[in-house]
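Open the model in your viewer and keep the selection panel at hand. This tour tells you what to select next and what to look for there.

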Amino acid sequence: MSGESAMTSVNASVRTPRVSGEELLRVQHLVKRFPVNHRIGSRRRELVAVDDVSFSVSRGETLGIVGESGCGKSTLARCVMGLERPSGGAIAIEGRDLTTASKKTMRSLRRDVQMVFQDPYDSLNPRRRVGDIVAEPMLVHGLADAAGARKEAARLFDVVGLNPRYLDRYPNEFSGGQRQRVGIARALAAKPKILVADEPVSALDVSVQAQVLNLLSALQREFDLTYIFVSHNIDVVRYMSDRIAVMYLGRIVEMASAADIYAAPQHPYTVSLLGAIPNNLVGNGAAAGKRRRRIVLRGDIPSPVDRPSACPFEPRCPVAQEICRVRDPEFRTLDDGRYIACHFPGSLDPFEA
Amino acid sequence: MPTARKADARLIDGTQIAPVLRRRNIVGEVLAAPQAVVALIILVLVTLSAVLAPLYARFVAHTDPFSSQVSATITLGGKAVPVMQQSTTGLKLGVTPIGPTWSGQYFIGADNQGRDVMSRLLYGGRDSLLIGITSAIACCVIALVLGVLAGYVGGIVDGVLSRIFDVLWAFPVYLLAICLSIVLLTSRIAFGPIVIDSSSLILPIAIISIIYVPYIARPLRAQVRSLCQRGFVQASISVGSSNWRIIRRDILPNVMPSVIVYFPIMVALNILIESSLSFLGVGVQPPNASWGTIINDGLPLLYTRPLVSLAPGIMIAVTCVALNLIGDTIRDVLDPQAKIREAV
């Protein structure tokens with residue numbers, strides 16, 4: 001084991017889903033466009049970061065969102081957080097729509113969804129004591145008075161594995177992993193229902209990543225949290241998630257349970273993502289013992305500005321056919337309940353012969 | 001299995017918190033630099049001399065530095081000497097004020113009206129420092145408010161404020177100051193019951209504080225804009241903090257170091273611009289005196305009694321150098337990347 005990274009050993013554990021089935025978050029046809037800087041006189045152009053994305057998340061579930069840089073996964077997370085105003089579609093938390101909420105409902109909705117940020121060096125105000133940072137959500141939402149908030153902050157410090165003696169220290173006195181724990185404590189302080197984790201470990205040392213992931217898993221059980229876990233690392237996402245949505249160029253191209261995605265990926269992009277995991281020997285599940293095929297993607301991602309009407313993965317797809325160049329595959333449900341946007345699902349064998 | 005959970009989840013990375021980087025002692029770090037100590041001593045002396053000006057005038061110089069003393073005489077070495085001395089050369093026409101006695105009365109001589117230049121120098125320091133400091137405070141406060149407003153609110157507010165800054169910035173500093181002064185000084189200003197006399201010090205203070213606002217507000221605006229993209233501000237928004245709370249807790253504490261760096265340099269710039277305006281006659285108005293007006297007083301005496309102009313000039317130079325030294329040291333300590341656009 002000593003030669004392997006902490007990540008690999010962590011992967012050996014198997015998640016047991018404890019999903020209640022009750023729908024907590026529903027995202028429908030979400031679109032987020034950004035205006036692109038344009039020269040005077042030229043046509044006004046738009047970058048479509050999130051293009052008609054729909055999914056729902058049940059209470060207690062973890063939805064993993066995976067995709068390469070620039071695929072819109074962070075924008076999607078920021079829309080769910082209410083940090084970006086969607087250009088279209090609806091986001092509803094327990095039936096209350098976030099996109100049309102008044103300022104007052106927005107504040108209480110904000111409390112229900114909290115975020116763990118990617119960069120722990122950027123997400124803590126260097127001029128505030130960590131105790132004040134963690135107490136802030138309680139004070140803002142009137143959950144406690146100053147003394148109560150401090151006591152609760154000390155308790156939360158204990159929960160996330162930090163010594164409550166460090167409440168009066170400044171962020172620069174903590175390591176990256178410790179800062180991320182402070183960020184998690186801040187998110188928990190608002191007593192949220194949904195925790196959006198946007199690349200929560202990708203800025204951390206590999207040796208620390210597993211600790212933070214384990215902490216997040218433990219907290220989910222303890223506080224009955226629902227997670228939306230965003231990462232470019234499909235291995236990390238698989239470890240954390242009950243269901244996985246694979247994003248490509250602003251769209252979800254495949255969505256299924258983590259076990260299904262792992263054992264039998266259907267979309268060629270998912271196959272290539274899984275094939276890129278350094279250790280390509282499948283350890284457990286239906287495909288245990290097989291080796292994944294390594295697929296080196298060639299070609300470029302189409303620009304999210306002025307998308308073509310073809311399948312966006314077509315230029316890089318090893319199994320693309322004529323129709324892929326002509327028609328954009330629609331997002332449909334397969335017989336086994338998966339969602340996929342591909343004309344030829346399952347045509348790329350994910351394993352070596 | 002709560003015990004098992006504790007075992008893995010509560011594992012603290014590194015186990016020990018870094019015992020480094022306690023809160024920095026900024027004042028201590030600034031005072032560790034020898035040039036800052038020298039500058040501070042100079043500034044304390046200048047300030048003390050300005051504060052004690054009335055005592056000097058009464059007990060050392062025995063004179064009223066604001067009234068004409070053309071017919072006065074002083075006792076020098078047992079003999080009575082007139083302050084305004086008759087010319088002894090050529091046609092023996094005209095009078096020259098007494099030169100430096102280097103003791104008690106008329107320490108560095110008299111000006112054209114026989115007034116004690118040393119006393120006036122100390123009194124002038126009062127006005128120069130007062131204007132320099134209050135207009136720097138006003139300038140920093142206005143710039144902070146506008147810069148934070150433009151950077152935080154963005155959109156139309158930012159657009160309008162930024163264009164106003166651009167217009168102010170586009171003017172040469174002295175041209176703008178002189179224009180404002182001439183307009184304001186030649187008309188009596190009345191806002192309802194408040195009437196501002198044209199000799200009031202409020203006018204130069206107001207003029208000078210407005211002129212440099214864009215020089216501070218623009219960099220602050222840029223700083224606020226980049227702060228708004230930082231994770232901790234985004235975190236505060238997602239936590240649900242109000243805008244005012246975010247400005248107070250996240251924005252202001254992070255831009256204050258820049259304001260602190262700008263402040264002493266602004267005081268120096270303001271003293272310079274005040275002196276220039278007063279020298280040109282559009283700054284401090286009689287009966288008040290400032291270093292700039294004293295330089296102007298000494299203008300006709302430049303060949304015979306150069307010290308009348310030289311002394312306030314030296315005071316301005318020394319004070320500004322000291323303020324810049326302190327500003328540079330604070331900048332090095334607080335904010336090594338900060339750059340201030342030097343005003344011309």
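**Stop 1: where the chains meet**

Select chains A and B: 27 residues of chain B are in contact with 36 residues of chain A. Two residues are in contact if their C-beta atoms, placed from the backbone, lie within 7 Å. This is a predicted model, in which local features need pLDDT of at least 70 and side-chain atom pairs count only at pLDDT 80 or more, while totals for chains, interfaces and linings use all residues. Residues are numbered from 1 along each chain as its sequence is written, and chains are lettered from A and ligands numbered from 1 in the order in which they are written.

Now colour the side of chain B that touches chain A. In chain B, α1 (2-9), α10 (231-239) and α11 (243-279) each supply at least two residues of that side. Helices (H or I, at least four residues) and strands (E, at least two) are DSSP runs, numbered from the N terminus. The largest share, seven residues, comes from α10(B). By class, this side of chain B has eleven nonpolar, seven polar and nine charged residues. Here Ala, Val, Leu, Ile, Met, Phe, Trp, Tyr, Cys and Pro count as nonpolar, Asp, Glu, Lys and Arg as charged, and the others, Gly among them, as polar.

**Stop 2: a covered helix in chain B**

Select α8 of chain B, residues 202-211. Is this helix mostly covered or mostly uncovered? It is mostly covered: seven of its ten residues are buried. A residue is buried if 20 or more other C-beta atoms lie within 10 Å of its own, exposed if 12 or fewer, and partly exposed in between; C-beta atoms are placed from the backbone. Among the buried residues of α8(B) are B:Leu203, B:Pro204 and B:Ile211. The buried residues of α8(B) pack against α5 (117-153), α7 (173-186), β6 (194-196) and α11 of chain B.

**Stop 3: the nonpolar core**

Next, show the largest nonpolar core, which has 177 residues. A nonpolar core is a set of buried Ala, Val, Leu, Ile, Met, Phe, Trp, Tyr and Cys residues joined through C-beta atoms within 7 Å. Those with the most contacts inside this core include A:Val80, A:Val196 and B:Met266. α11(B) gives the most to this core, with 16 residues.

Centre on A:Val196. Which residues is A:Val196 in contact with, leaving aside its neighbours within four places in sequence? They are A:Ala77, A:Val80, A:Met81, A:Val113, A:Met115 and A:Ile228.

**Stop 4: two domains of chain A**

Colour domain 1 (23-241) and domain 2 (266-353) of chain A. Domain bounds come from an automatic or database domain assignment. The C-alpha centres of these two domains of chain A lie 29 Å apart. Nine residues of domain 1 of chain A are in contact with seven residues of domain 2 of chain A. On the side of domain 1 that touches domain 2, β2(A) gives the most, with five residues. That side of domain 1 has six nonpolar, no polar and three charged residues.

**Stop 5**

Strands of a sheet pair through backbone hydrogen bonds, either parallel or antiparallel. Two strands pair if DSSP finds at least two bridges between them.

Begin with the open sheet of four strands in chain A, in the order β2-β1-β4-β5, with antiparallel pairing. In chain A, β2 (45-58) and β5 stand at the edges, each with a single partner strand, so one side of each is left without a neighbour in the sheet. Strand β1 (residues 23-36) of chain A pairs with β4(A) over five bridges. Find A:Val27: this residue stands opposite A:Ile91 in β4(A).

Then select the open sheet of eight strands in chain A, ordered β6-β7-β8-β3-β9-β10-β12-β11, with mixed pairing. Within chain A, β3 (residues 62-66) and β8 (residues 226-231) run parallel and are joined by five bridges. A:Gly64 stands opposite A:Phe229 in β8(A).

**Stop 6: two positive phi values**

Finish at two loops. A:Glu94 has phi near 50°, a positive value in a residue other than glycine. A:Glu94 sits in the loop between β4 (88-93) and β5 (96-97) of chain A. A:Glu94 is partly exposed, with 14 other C-beta atoms within 10 Å.

A:Glu199 also is not a glycine and has a positive phi, of about 50°. Look in the loop between β7 (194-198) and α7 (206-223) of chain A to find A:Glu199. Is A:Glu199 buried or exposed? A:Glu199 is buried, with 20 other C-beta atoms within 10 Å.
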